[in-house]
Amino acid sequence: MKPLKVLVLVCVLLAGCSDDSSEPDSTTSTTATSNSSAVATTVPSTNTIAATYANGVVTTANARPAVKKGTPVALLVKSDKDEELHVHGYDKTLPLKANQEGRLEFTADITGVFEVELHHVDKLLLTLEVKP
Amino acid sequence: MELILAHGIGGRADLPISLSLAQYGAAGILIATFVTIALLWKKPKFQTSAEGFGIAVPGIQRVIDSSIANVLLRAVGVCALMATLGIAIFGDDKSSVNPTPTWLYVWLWVGLIPASILFGAIWHRIDPLATITAGLRSVYDRGPKTYPTDWGRWPGAIGLAVFGWLELIAPERDAPTTVALFVACYSIVHIVMGFIYGPGWHEKADTFGNFSDFFARLSPWMRRKDNTLVLTNPFHNLAALPVERGTFAVVTVLLGTTAFDGFGRTQMWNRWTGDIGDEALILLSTVGLLAAYLIVAGTFSLAVGVSSKTKGVTGDFAHSVIPIAAGYFIAHYFSLLLFQGQAGYLLLFAPGSGINYSFVSASVIASTQVLAIVAGHVIGVLSAHDRALTKFEGNQVRSQFPLMTVMVCYTFAGIGLLLSA
């Protein structure tokens, strides 16, 4: 039946072109920086991402750092108030004391887009992309 | 709009699709559309009536319509309602511990789509509120009222819009308390209305009933007027969608809600709304959701109106929006169902276990998303083409351009939303 043939043809065309191995085209791979500290890759394979929260303002809210699946990630966060850092999806939390930089390390083994937020004040710190 | 609030729960969202995949999808959409208009059939093929079509399946029907099946399905529905209410009210107040938000937003809302596409319009068999009302009406004196046909599917459209608002915009929407509140209020409203207006209320006005009924048109299962169960070509099932008052409103809400959901996940939206306060965000989002409905309704009516022989035939094309909406829903929610869906079970029976994210790869997810949107578009375009043969005047190829253009825009927008997630 004709409609079925058209549907199948289009699906086959698509299936044949479906393998999209990671292409860094639509998003940029930048790491977020805070006002004062520069980003450095301290350990060869660890991706270090820094962010600060001060005077009610998050400097990195629109940042979307991207890492490859399987990379160890270190989040360095400093807040001027007592807070709780939360990485969604991975469900990692870290209590933060006012004006003391906290370091949260984990391995980015799930692909996707994950929000990192400060729990008490309910503010988005940055959005982490883990690509295959 | 923060992700965590964008779909009520879950901490993970899909990656944006790659540009090349988007391009293939767009190309597929365009090819299918033009092939349809220019080369395909010139006389309508799809039945507009459910009668006399499809293959009756008396054996299966005997099982499905048996009183044992009836009792079982209704019992499952009532137990699910009680469990959800109970655990939402008395359980832990965090969605990372309490399974009920996952049950409502993922198992019921998202899960009802594949369930309806596979098994037909199943909601009415399990609807616990209809069961409760039927019980009440058998005991107490009921009034003579029946469901006013004038209301058509409008209560369903409104209910779907309300649920869309709840799911995407309501403050604290992933909190078990909110789930409890919604389920309780919804139950009370529908039990009262069902008691007054009878089973017709539940048949036509239930939110989840409408959700299931409309997507079930993509399934091979259909009921004739005398309730005979038949297996049929889904294209016939779609074409047989009865056009009632509010039918077009329902499909508008279905497509508009999921389009706005996708829009709310884009980086653009997040930049615009990053710094505004909570109340401003709710207001802006509500305006956005309503705007989505108006845009869908406006563009579609215009495209149909420009080409049709008579006025007011927009509803006759409503069925062609269903596959496009289904494509959007699948693209946006399929990974949520697979991943967050696990939590609905794990939180109850294996608390502490993590969700298994590794059984579906990122590229399978991306391909499925694009395939769903393209397939939805192709089915929609073929359905619209067939209907246009009876409703549009003038040159057949030219008269279909406005409608096909609008549908191409919807699916291009769908692909675009996936690119900028």
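Modeller: Happy to. Ala56(B) stands opposite Val230(B) in β4(B). That contact point belongs to the link between β2(B) and strand β4 (residues 229-231) of chain B, which run antiparallel and are joined by 2 bridges. Strands here are DSSP runs of E with at least two residues, helices are runs of H or I with at least four, and both are numbered from the N terminus. Two strands count as paired if DSSP finds at least two bridges between them.

Before going further, please keep in mind that this is a predicted model, in which local features need pLDDT of at least 70 and side-chain atom pairs count only at pLDDT 80 or more, while totals for chains, interfaces and linings use all residues. Residues are numbered from 1 along each chain as its sequence is written, chains are lettered from A and ligands numbered from 1 in the order in which they are written, and side-chain values use heavy atoms, with hydrogens and water left out.

Now the whole sheet: it is open, with 3 strands of chain B in the order β2-β4-β3 and antiparallel pairing. Its edges are β2 (55-56) and β3 (221-223) of chain B, each of which pairs on one side only.

A pocket is an open set of points on a 1 Å grid over the protein atoms alone, where a 1.4 Å probe fits and protein lies on both sides within 12 Å along at least five of seven lines; lining residues have an atom within 4 Å of a point. Of the 40 lining residues, Ala121(B), Asp213(B), Arg217(B), Met222(B) and Arg223(B) are the closest to the centre. The lining divides into 17 nonpolar, 7 polar and 16 charged residues.

Finally, a look at α4: this helix (residues 67-90) of chain B contains Thr84(B). Thr84(B) has a relative accessible area of 12% and is therefore buried (under 20%, with a 1.4 Å probe and protein chains only). Beyond its neighbours within four places in sequence, Thr84(B) is in contact (heavy atoms within 4.5 Å) with Thr100(B), Trp103(B), Val179(B) and Val183(B).

Technical notes
Buried < 20%, exposed > 50% of the residue type's maximum accessible area, 1.4 Å probe, protein only. Nonpolar A, V, L, I, M, F, W, Y, C, P; charged D, E, K, R; others polar.
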